Amino acid sequence: MNVSQAFKMAAKSILANKMRSLLTMLGIIIGVAAVIALVGVGQGTTKQVTDQVESLGTNLLTVSITGRGSKTTLDYKEAEDITSTEDIEFAAPYNQQNATVKNGSESTSVSVVGSTADYLDVKDYSVAEGRFVAQIDLDYYQKIAVLGSTTATDLFGTEDAVGKTFLINGVRYKVVGVLATKGSSLTGSNDEIVIIPITTSERLFKSKGVKSINVQVADADKMDTVMTELETALSKKFRGDTNSYRVFNQQDLLDSFSSISDTLSLALGGVAAISLLVGGIGIMNIMLVSVTERTREIGIRKAIGAKKKDILTQFLIEAIALSGLGGVLGVGIGLGTAQLLQKFADMTVVVSIPIMGLAFGFSVFIGVVFGLFPANKASSLRPIEALRFE
Amino acid sequence: MESLQEPLIRIETLSKLYKMGGETVHALNDISLCVDHGDFIAIIGPSGSGKSTLMNVIGCLDAPSSGKYWLDGEEVSRLRESRLAEIRNRKIGFIFQGFNLLNKLSALENVELPLIYRGVPAKQRKEQAIEALAKVGLEERLRHKPSELSGGQQQRVAIARALAGNPPILLADEPTGALDTRTGAEVMQLMKDLNGQGHTIVLITHDIAISQQARRVVRIQDGQISEEGGERRERQSSLQNGG
């Protein structure tokens, strides 16, 4: 008896007991569907986080200056000196405070960023109207501002904001440009922002010095070199006071997020894999019952010439067919669930072909493992006793 | 009727012992028996006489405790299980009292079953199965399930299944036991016809009337057999009837 014949027999036997077959497969169906949907959710979360971090810009280093006081402040000129090496493409020293901005009766609280012209490039903004902050604004302590798209609408509605004036903490500023919409990232909305020259902001908030520098490195391979250079320069500047500055690599952030979400995926996958295992035990149970029930059938088959091997193949293939079919249905339901989650629960779900293959393969494997015991039991029945069984 | 060629079945001093609760039961005790090609032999005995054990041994479903058994020229009493399965498949066509058809399969599929285990390719298998069903007059009922057939038809499907592989021996265990008198007679007629076509038949029964339709009658009692006294007369009369 060949394998295709055994598959035909298995199909017949499964179709003859549709309800029972379905219930037998239920464990595997749920298991496979759970693996696909849950791992999909896990990977979707990872992707979402990664995308957001990457939307901050690529090859980014962030220097934050935590020290205050005469010895450990860094003004923007010094910051630019430190960062003017050829491996650094753009560097934008900035400080950031929340402030109330007001235009007539319209008022809102936004983050006010004092920075230089490079901020536009480092943060990957683009100017929709007017112009961005320029070096000359810094030199002359100009009271000009560039608005984020949301802030512009908040303050001026649909009117053209460029050329108009508004108040930041009671001081009048002139709008010279409006940024294009960028959307939100991990750090919140990118469009609720007011950007002013860093020199002006030092005066406005009465706070001397740069709080952070965003550095964009020209080449991803140079990240570590640039990081070391920056650390050396800062250490020299602050006379070895390493507590008053820190240099972050954006990749570190990304890596720690990935490792969190990888663990999440693994845990979800593990739970689902356990349910697959339980599903396999369900198949074994039903197959064992089925062997007892079909003792007479086995006896007849053996009497007319089925060998031990034939019966073993028949029952094993039946178990594999059951679990495989369950696997296929599970893949379908898992994909459907992923789609539904994406549509109605507003989650990013990434279904990957390897995970689908793995879940299906595992379900078939479970069919083999848990089918062996019942199949062996069936094939070891002695024909006379099996024939006598009522 | 004495043939020079090797008999189809040759059993020599064969015994079968069972241990039951510490007591040894001789289900078969030093039995010797020969069945020639083309024979129609009835083995008759009351229940508990050992006739089921004898049928199991002849049918290669059970191994004897001692003695020798040649089936179609091959010593089979000491063969392994898988080899026995092959011999059952090739040499013996079983006809059971309870038909023993698979209820989920159609008549055709039931008849095909022994051929599947023999590894006959699908097309040839189907031809052979249809041919066997035609022999028992059921070529119109190929797609019917056993539950859609009458008892007599079911037994004829079972006979077709036994015939399909064209085995040298048909081994029938109370083939009329589950049938009423009239269909039983039809089945017996079919068996006689098959014997007339050259099939060797071993029939096991407890019914004297049935056994007398065979050419040879062997009586079994307490595990020992004796050839019936009127055996020669039976043989001659059946020859006359058959002729």
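The area buried between chain A and chain B is about 2,100 Å², and carbon and sulfur atoms give 60% of that figure; buried area is the accessible area (1.4 Å probe) that two parts lose on being put together, summed over both. This is a predicted model, in which local features need pLDDT of at least 70 and side-chain atom pairs count only at pLDDT 80 or more, while totals for chains, interfaces and linings use all residues. Residues are numbered from 1 along each chain as its sequence is written, chains are lettered from A and ligands numbered from 1 in the order in which they are written, and side-chain values use heavy atoms, with hydrogens and water left out.

**Interface between chain A and chain B**

- The contact takes 23 residues from chain A and 23 residues from chain B, where contact means heavy atoms within 4.5 Å.
- Three salt bridges are counted between chain A and chain B; a salt bridge is a side-chain nitrogen of Lys or Arg within 4 Å of a carboxyl oxygen of Asp or Glu.
- One salt bridge joins the side chains of A:Arg382 and B:Asp62, at 3.4 Å from N to O.
- Nine residue pairs, both residues at pLDDT 80 or more, are in polar contact between chain A and chain B. A polar contact is a pair of N or O atoms within 3.5 Å; within protein, one must be able to donate a hydrogen and the other to accept it, and residues adjacent in sequence count only if both atoms are side-chain atoms.
- On the side of chain A that touches chain B, at least two residues each are supplied by helix H1 (3-16), helix H10 (295-303), helix H11 (308-344) and helix H13 (383-388) of chain A. Helices (H or I, at least four residues) and strands (E, at least two) are DSSP runs, numbered from the N terminus.
- H10(A) gives the largest share of that side of chain A, with six residues.
- The residues of the side of chain A that touches chain B comprise 10 nonpolar, four polar and nine charged. Here Ala, Val, Leu, Ile, Met, Phe, Trp, Tyr, Cys and Pro count as nonpolar, Asp, Glu, Lys and Arg as charged, and the others, Gly among them, as polar.

**Overall form of chain A**

- Chain A has 13 helices and 12 strands.
- Chain A is more spread out than a compact globule, because its radius of gyration is 34 Å, well over the 21 Å that the globule rule gives for 390 residues. The radius of gyration is taken over C-alpha atoms, and the globule rule is 2.2 Å times the number of residues to the power 0.38.
- Taken along the principal axes, the C-alpha atoms of chain A fill a box of roughly 105 × 50 × 30 Å.
- Of the 390 residues of chain A, 47% count as buried; buried means under 20% relative accessible area, exposed over 50%, and partly exposed in between (1.4 Å probe, protein chains only).
- Among contacts in chain A with a separation of 6 or more, 79% are between residues 24 or more positions apart.

**Salt bridges within chain A**

- Over all chains, the structure holds 22 salt bridges.
- The side chains of A:Lys222 and A:Asp87 form a salt bridge at 3.9 Å, N to O. This pair links distant parts of the chain, 135 residues apart: A:Lys222 is in the loop between strand S11 (212-217) and helix H8 (223-237) of chain A, and A:Asp87 is in the loop between helix H3 (76-82) and strand S2 (88-103) of chain A.
- A:Lys222 is partly exposed, at 33% relative accessible area, whereas A:Asp87 counts as buried at 17% relative accessibility.
- A:Arg294 and A:Glu318 meet through their side chains in a salt bridge of 2.9 Å, N to O. A:Arg294 lies in the loop between H9 and H10 of chain A and A:Glu318 in helix H11 of chain A, so the pair ties together parts that are 24 residues apart in sequence.
- A:Arg294 counts as buried at 10% relative accessibility, and A:Glu318 is buried with a relative accessible area of 5%.
- A:Arg294, A:Glu297, A:Arg301 and A:Glu318 are linked in a network of salt bridges.
- The side chain of A:Arg382 also meets that of A:Glu385 in a salt bridge, at 3.4 Å from N to O. A:Arg382 counts as partly exposed at 42% relative accessibility, and A:Glu385 is partly exposed with a relative accessible area of 45%.

**Local features**

- A:Val278, in helix H9 (residues 250-293) of chain A, counts as exposed at 54% relative accessibility.
- From C-alpha to C-alpha, A:Val278 and A:Ile366 are 9.8 Å apart in space and 88 residues apart in sequence.
- Helix H1 (residues 51-58) of chain B is mostly covered, with seven of its eight residues buried; among them are B:Leu54, B:Met55, B:Val57 and B:Ile58.
- B:Cys60, which follows H1(B), has a positive phi, near 60°.
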